[in-house]
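Q: I'd like to learn how to read a few features of a model like this one. Can you walk me through them, starting with a pair of helices?

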Amino acid sequence: MVDVAQKEMDNPTFKSDTVLSDVHLHCPSQRHLMVRLNAVGQPVFLSYFKLLWNTEDSASQKHVEGATAGREQQDSGADEPCDKDRDKLKKERELNSEGLEARLDDDGDLEVVRRPQSASDLEAEDLLRDRVHPVILMKGEEDAFEDEEQEYACSDVVKIEHTMATPLEDVGKQVWRAAFLLADYILFKRDTFRSCSVLELGGGTGITSIIMGTAARRVYCTDVGEDLLAMCEQNVALNRHLMEPGRGEVKVKELDWLKEEFCTDPEAPYSWSEEEIADLHEHCTVIMAADVFYDDDLTDALFRTLYRITHNLRNSCTVYLAVEKRLNFTLRHMDVTCEAYSHFRNNLNDLQNLQDRQMKYTVEPIQLDFSQFLVYERIEQL
């Protein structure tokens with residue numbers, strides 16, 4: 001939760017229960033446009049992720065150049081890249097049709113193209129910023145961003161509203177690295193998911209479902225919490241231009257893992273109709289979840305939900321789970337451990353060893369040697 005007054009947005013103060021995603025702090029020199037406050041008073045920001053279409057083969061998969069989170073302030077051309085940076089970007093765009101390869105430095109870290117550093121001391125003062133600078137869009141100032149809105153209103157940009165920090169119970173309102181990893185895999189294997197019916201568990205801001213919607217026939221993006229689901233629905237609406245005509249439908253629905261049944265109350269927002277439940281059971285062949293394994297009770301609930309849903313599916317189903325192993329020092333072990341990941345693996349093993357005459361689960365790891373389509377840190381804990 002961000003404890004911050006509107007006039008002090010340049011110097012946010014975080015409480016002890018604040019949870020921060022590394023994704024939107026990966027490039028701290030960005031400026032982020034705060035578009036509104038949500039129903040619980042959290043600042044909501046808008047970030048852009050640029051899709052790079054392959055011009056050599058229009059029938060091939062879409063490639064993601066990967067705009068860093070947020071948008072750049074254009075200050076008298078000061079943020080224009082120098083010739084060296086421009087050449088580097090050009091080389092990245094000319095990579096083969098397998099996608100953009102991750103550029104790594106000598107230590108194996110992701111190399112990110114940044115603004116030129118070879119400026120004079122006077123210019124450097126304008127170029128360099130050492131922390132995230134949120135921007136508040138005041139009434140009457142919309143025209144200041146009109147040109148930028150037009151620039152990003154094309155078919156090669158994903159727009160995502162999100163928060164920058166939340167308490168633990170609201171982490172779905174941020175964007176996490178495992179969601180990018182799963183989005184990478186979807187873009188790499190677009191033909192695999194073409195015309196599928198897909199269910200996402202714990203969809204959060206909806207970015208993975210939106211990327212899936214560029215290939216799949218229908219995606220049910222599910223989570224819990226009216227405010228979060230409203231944010232997700234807004235993101236789906238912002239990105240309808242990415243869906244193929246007559247295909248790629250993304251539906252935002254409530255799915256509470258702590259409840260045994262789907263919410264079918266017609267008075268409740270984001271509830272399911274009987275036709276939608278029947279459609280899910282009849283046609284779903286892909287289930288996915290990204291970065292949802294951080295609480296043992298919720299992990300147990302998710303696996304119970306996973307079993308219950310797959311048990312009712314007509315067709316065999318592939319489940320894609322993307323996880324970031326978060327290491328923490330614990331007094332109980334007096335060592336750095338990853339208890340949430342260990343609990344996840346135990347559940348996964350139990351599911352694989354389940355003695356069920358009607359169901360059989362097989363677990364296979366996916367090698368992370370596929371091309372990287374989004375600019376983020378693909379760390380070894382992913």
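Predicted model: local features only at pLDDT ≥ 70, side-chain atom pairs only at ≥ 80, totals over all residues.

Q: In which hand does α9 pass α10?
A: Handedness goes like this: a crossing is left-handed if the near helix is turned anticlockwise from the far one by less than a right angle, and right-handed if clockwise. Here α9 passes α10 in a right-handed crossing. Helices (H or I, at least four residues) and strands (E, at least two) are DSSP runs, numbered from the N terminus.

Q: Which residues make that contact?
A: Contact means heavy atoms within 4.5 Å. From α9 you get D296, T299, D300, F303 and L306, while α10 brings E339, A340, H343, F344, N347, L348 and L351.

Q: How do those contact residues divide by type?
A: Ala, Val, Leu, Ile, Met, Phe, Trp, Tyr, Cys and Pro count as nonpolar, Asp, Glu, Lys and Arg as charged, and the others, Gly among them, as polar. The contact of α9 with α10 has six nonpolar, three polar and three charged residues.

Q: And at what angle do α9 and α10 pack?
A: Two packed helices are described by the angle between their axes and the distance between the axes. Axes are lines fitted to C-alpha atoms, for helices over the stretch in contact, and angles run from 0 to 180 degrees between N-to-C directions. For α9 (residues 296-311) and α10 (residues 339-352), the angle is about 25° and the axes are 10 Å apart. That makes α9 roughly parallel to α10 (under 35 degrees is roughly parallel, over 145 roughly antiparallel, 65 to 115 roughly perpendicular, the rest oblique).

Q: What does the side chain of E276 make a polar contact with?
A: A polar contact is a pair of N or O atoms within 3.5 Å; within protein, one must be able to donate a hydrogen and the other to accept it, and residues adjacent in sequence count only if both atoms are side-chain atoms. The E276 side chain pairs with the side chain of K251 at 3.2 Å, and also reaches the backbone nitrogen of S273 at 3.0 Å.

Q: Where is Q174, and what does its side chain reach?
A: Look in the loop between β9 (165-166) and α4 (177-188). Q174 is buried, at 3% relative accessible area, and its side chain reaches the backbone nitrogen of S21 at 2.7 Å. Leaving aside neighbours within four places in sequence, Q174 is in contact with residues including V19, L20, T163 and T205.

Q: What about backbone angles: what is the phi of S195?
A: S195 has a positive phi of about 70° although it is not a glycine. You'll find S195 in the loop between α5 (190-193) and β10 (197-200), partly exposed at 43%. Y270 is another non-glycine residue with a positive phi, near 65°; Y270 is buried, at 15%.

Terms used. Residues numbered from 1 in each chain as written. Heavy atoms only, no water. Buried < 20%, exposed > 50% of the residue type's maximum accessible area, 1.4 Å probe, protein only.
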